[in-house]
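Hi there,

Here is the structure I promised to pass on to you. Have a look at it first, and then read my notes below.

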Amino acid sequence: MKKGITFGLSLAIMASSAIPAFAAHNHQDKQKHNQIKNIEFTSMNAPSSIENMVKTYTDAKVKITYKNGEVKEMPLDYNQLFLSKDKIVDNKGEKIPAGTPIDAKGNPIIDRSVPDKPSYYISDAPDSNSFITIAGKDYIISHYEYDSMDNSGKQISGLPASMTLTQVDRDKKTGKLTVNHAKKIDFSNVNGLWTPCNGSTTEWGTHLGSEEYEPDARAFEDPASSSYRDVTNFAKQYFGDASKANPYFYGWIPEISVHPNGKASVVKHYSTGRFSHEIMQVLPDQKTALFGDDGSNTMMFMYVADKKRDFSAGTLYAAKFKQTSTASGGAGDLQWIKLGYSTDKEVKRIIDKGTKFSDIFETSDKLAPGFKAVKTAASKKVEYLKVKPGMEKAAAFLESRRYGALLGATSEFNKMEGIAVNKADNKAYIAISYENNSMKKEEIDGVQDDIQLPVIDSGVTFELDLNPGEKDHKKGQIDSKYVPSSMNGLLAGEDYPKADTYGNTANPNKVANPDNLSFSDDMNTLFIGEDSAHHTNNFVWAYNVKTKKLSRILSVPVGAEATGLRAVDNVKNSRYVLSNFQHPGEDLEGKQITAVDKTKLEEAMKKGIGIQETGGVGYISGLPSGQLKK
């Protein structure tokens, strides 16, 4: 999500092993494909013409080395499935756009900002995708994070969000995907859906979504606050009843299951903690999870479930960062602070009885005995807090970041985005999109300052070591074999002192502002999608963690964000790299571009996909199927 935008835009890209040349190989010579030794990506150039700057495309190639020594190089390609404005969703006997949210009764939510021209709201922000096969049928679950602007041109806040379940047909010979039909996922049993950003796919075939930028429950108690306005607007739009507004309904992890009859069901996991969920990534033991916490002054969380594949009960931890280096983006050891144990049912009971922020904390306007100074993304201001007696569990799970800071966890991460896992090497990767603001040295009286790193506006992708036998801050054993013990800068962006002729303020040949991450185990490849204000066109990259080769493999339209990235290996003898792009054309007016005619560039955007009007779902094709030989 772009900085400073509460509800923005996203577009989905998916990948297939379609392309006729590979179709022939997939269909005629499966044995040969099962003997692939190595796959290497050949980088494409950054777009240099208006024609290329306004579209989603790839000129990258993939080189396949077979076990018998044969080498082939084939082009990648991009194919679009649909736009978020396309009416593909079956809803109560009518077709509505893919990106239109529905209310608690299943009715499309209408934009009435222009009184004589009511129309469907349409999200320009398709985000996370999961590719799930159930009962022989293939489905894609897609997030629609927000709608950037209403019909009157005003920025929107407090609009209910949505997810779509799309059944896709797959050509058995080519792997090409086409839409069969789509429907909206019903969130009425969990009070609706708030700003779903990134997500993940579990090994047991469910989708873990997210609710980003949770509303500030402290500010909500002030009717003049933006938090009160947004949550109340949400309740009016979703329930048709402003009295149902409750900030603690939102900021959780929804898990979506697709059943053999093609229907989807939803639960929210309340015991995993409440904060600005970018993503929940499950680790190889299928019971430990790490989270991205997007925003400034955020926190790194870990959850260890009681049982595999069941996140309804477990223990929540927050990290303390112990800095060891400032080189290559920085490094530090991680100590884990136990916040508490709970179950979804227990936390939900706390919410449902009407618990408020003021029931949980005492506050002061200055440092006083018994109070501690904290600065977290929950309020963005220094707060002086003390937990009321007996309210520790409510604090741990409803106000995880504030409570973690009170216990000494580090609340200084900034724009903590995607997470991916490398099973073979016991590594995880996490994106810090903008290494600035709260991650630099800050001298604030009474406030902890664990992270003091040099500013890298174009961000850093970090590598985390995962280890067994780790203990928490009180020497208690952590029941996981995959506990992050340290983090080190892996790929850092390169800031420019001034914009180049294309408007880039960071080196276009390096990753800038990493956001979504996904890892392909057999290709040893970390895929990275950008959410960059520093690149005029954002890219998707492929980084081989063994050879250290970085390749640009996709460019999205000017101003758009590349999100929703997912490497899906060998689905019915096909490979898919799911990815999204958001808000095409955003911030184009502010770009200093001289290499091409900027006026003509803006005109081309408006005539093509439009500026912040719709998102698109598609896929990259050209990847070979078959397991790689290690």
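Asp216, Arg218, Arg274, Glu383, Glu399 and Arg402 are joined to one another in a network of salt bridges. Please keep in mind while you look that this is a predicted model. Side chains of opposite charge can pair when their charged atoms come close. In this model, the count of salt bridges comes to 29.

Start with glutamate 40 and lysine 63, which form a salt bridge whose closest N and O atoms are 3.7 Å apart. Glutamate 40 belongs to strand 2 (residues 36-42) and lysine 63 to strand 3 (residues 61-66), so this pair ties together parts that are 23 residues apart in sequence. Glutamate 40 is partly exposed, at 25% relative accessible area, and lysine 63 also counts as partly exposed, at 29%.

The second pair is glutamate 362 with lysine 386, where the side chains meet in a salt bridge of 3.8 Å, N to O. Because glutamate 362 sits in strand 24 (residues 361-364) and lysine 386 in strand 26 (residues 382-387), the pair ties together parts 24 residues apart in sequence. Glutamate 362 has 30% relative accessibility and counts as partly exposed; lysine 386, with 26%, counts as partly exposed too.

Now zoom out to the whole chain. How many helices and strands does the protein chain have? There are 10 helices and 38 strands. A compact globule of 630 residues would have a radius of gyration near 25 Å, and the value for the protein chain is 23 Å, which agrees. The C-alpha trace spans about 70 × 60 × 55 Å along its principal axes. Of the 630 residues, 62% are buried. Among contacts with a separation of 6 or more, 65% are between residues 24 or more positions apart. The accessible surface comes to about 23,000 Å², and carbon and sulfur atoms account for 47% of that. As for charge, the chain has 79 positive and 80 negative charges, and their mean positions are 4 Å apart.

Threonine 195 is not a glycine, yet it has a positive phi of about 40°. You will find threonine 195 in the loop between strand 13 (177-184) and strand 14 (200-201), and it is buried, with a relative accessible area of 1%. Lysine 415, likewise a residue other than glycine, has a positive phi near 50°. Lysine 415 is in the loop between strand 27 (413-414) and strand 28 (416-422). Is lysine 415 buried or exposed? With 4% relative accessibility, lysine 415 counts as buried.

Finally, visit isoleucine 134, which is part of strand 10 (residues 126-134). Isoleucine 134 has 17% relative accessibility, so it counts as buried, the cut-off being under 20%. Leaving aside residues up to four places away in sequence, isoleucine 134 touches Tyr139, Val258, His259 and Pro260. The C-alpha atom of isoleucine 134 is 20 Å from that of lysine 308, a residue 174 positions away along the chain.

Enjoy exploring, and do write back with your questions!

Best wishes

Technical notes:
Residues numbered from 1 in each chain as written. Heavy atoms only, no water. Helix = DSSP H or I, 4+ residues; strand = E, 2+ residues; numbered from the N terminus. Buried < 20%, exposed > 50% of the residue type's maximum accessible area, 1.4 Å probe, protein only. Contact = heavy atoms within 4.5 Å. Rg over C-alpha atoms; globule rule 2.2 N^0.38 Å. Areas by Shrake-Rupley, 256 points an atom, 1.4 Å probe, with all protein chains shown as cover. Lys, Arg positive; Asp, Glu negative; His and termini not counted. Charge placed at Lys NZ, Arg CZ, Asp CG, Glu CD. Salt bridge = Lys/Arg side-chain N within 4 Å of Asp/Glu carboxyl O.
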